[in-house]
Amino acid sequence: MQFKSFDIRKSLLFLLMACVLTGCMTPKPTDPEALKAYEELNDPLEPYNRAATDFNFFLNTYLFRPFDKIYRFILPEPVRTGISNFADNLKQPYIFVNALLQGDFDDSAQTFGRFFTNTTLGIGGLFDVATYFEIKAPKKDFGQTLYKWGVTNDGPYLVLPVIGPSNARDTIGMGIGFFIDPLDWALPKAKDHLLWYRYGIQLVDSADKATDLLWNIEQTSIDPYVTLRTYYRQNRNKFLRGEEAAKESYNFSFDDDDDFEDVEEYELE
Amino acid sequence: MKKILLVLCGLVWMITSAHAAETPSTAFVHQLADEIITNVLTSKDTQAQKTERFEKYFLKALDTQTIGKFVLGRFWRTASPEERNAFINAFTDMALKSWADKFNLYTGQQITFLSEQPAEGKNQVYVVSQIQNDPNPVQVLWRVQEKNGTYQIVDIIIEGVSMVLSYRNEYTSFLQNHTLTELTDKLQKQADSFVVSSGKK
């Protein structure tokens, strides 16, 4: 079948939707004060999200972390950097398309230059020659594209199994993102396994980068769920809305305590 | 022609000297970072010595009283002096271990100080820095407070994630269903059984 390779993504998408739909919801409070806090917290799927977060921490402790220890032990740092560069390079066509869709021609040109340089001079992406030539490495995804197109409401917080924290808009963005990645179109359709290798390499690289932070959170937070949620939101807020909007959330006053609500200081537009 | 050269020289001098003469807040963070890198992170001394040194820097540089008060939010006001003290102690212990662990991921990256920005509140500024990380550097903001000529850090913001705001969200959420004593006990227990992450070495 011509679109066989997309079946993997279709099943991922179904899994995502199933998670969202079956996730039991926290009942809405009736008290006005509590309702306000509830809405600002923007986490109606908390029971499901907590279960998914527990699952992800479990994966990290019993799978990613032991695996990563071996990975770091057997592969010297330059090799791991090569793998990381390779994984990054595979993301460039996707970033390029999103830069175009956002009308950001400077970033799309930089991304194109980066992909071309690293694929050729950098031997298939193993070496990051582009950074040496001071070619920028913009970060783009389809969730962000949706944001730029006017979907400024994040939607509820959503934790995806294996992948981690997200929200409704960015999850939909990721789902659509599976279908607009030029690299997947370019891969020979008959060779379904190439797609699996690709996601495999990216998973190994992401796990290597995230495992220490997750471990640190689990060790030091009294409620890792809340900590991960606030880390994710603050970071994503800066990424989407920029420096100034991020500053609004952390530039609080230490003195006047009274007008500081006990909810996450982050507002939806 | 000579005039133009003179103006150019003057400009170059102004730019370079402005770079060399850092403002006191930036100089404070810069020196602290340099000392931690030399005496702790890249030092060849025993782990015990390095841990002790880091603790000294951490306790001196961070205003744990201001931070501790802020992270409890409205729960600070209803707490007794003993409860406050016990919380600050457990919180400091936990934060110390957590940050020592985060600093341990350092493998020689360069840290550059870029600018200074105003912050809400009296005598506070953000010292803007970035840590080398290819292809994209990591942005770190140090919120510094000046009190009677001494400088202390009240918040560290990494890529938009504020340390104190995160602690505050974590603790006030816990305190919705628990007492402050329970929070303090849990923090202390966690600090005592802390296991470091694997590190990038």
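I began at the end of α4(B), and found that this helix is followed by B:G73, whose phi is positive, near 60°. I keep in mind here that the model is predicted.

I then asked which residues of helix α4 of chain B, residues 64-72, are buried. I found that these are B:I67, B:G68, B:F70, B:V71 and B:L72. Looking for what covers the buried residues of α4(B), I noted that the cover includes the helices α5 (74-77), α6 (81-103) and α7 (163-175) of chain B, together with the strand β4 (150-158) of that chain.

Next I turned to chain A, where helix α3 (residues 46-74) packs with helix α10 (residues 192-220) at an angle of about 130°, the two axes being 9 Å apart. Because of that angle, I recorded α3(A) as oblique to α10(A). The crossing of α3(A) and α10(A) is left-handed. I listed A:F57, A:N60, A:F64, A:R65, A:D68 and A:Y71 as the residues that α3(A) brings to the contact, and A:A207, A:D208, A:T211, A:L214, A:W215 and A:E218 as those from α10(A). Sorted by class, the residues of this contact are six nonpolar, two polar and four charged.

Last I looked at the contact between the chains, which takes 35 residues from chain A and 37 residues from chain B. On the side of chain A that touches chain B, α3, α10 and α11 (224-250) of chain A each supply at least two residues, and the largest share, eleven residues, comes from α11(A). I counted this side of chain A by class as ten nonpolar, 13 polar and twelve charged residues.

Key: Residues numbered from 1 in each chain as written. Chains lettered and ligands numbered in written order. Predicted model: local features only at pLDDT ≥ 70, side-chain atom pairs only at ≥ 80, totals over all residues. Axes fitted to C-alpha atoms, helices over the stretch in contact; angles between N-to-C directions. Helix = DSSP H or I, 4+ residues; strand = E, 2+ residues; numbered from the N terminus. Parallel < 35°, antiparallel > 145°, perpendicular 65-115°, else oblique. Left-handed = near helix turned anticlockwise from the far one by under 90°. Contact = placed C-beta atoms within 7 Å. Nonpolar A, V, L, I, M, F, W, Y, C, P; charged D, E, K, R; others polar. Buried ≥ 20, exposed ≤ 12 C-beta atoms within 10 Å, placed from the backbone.
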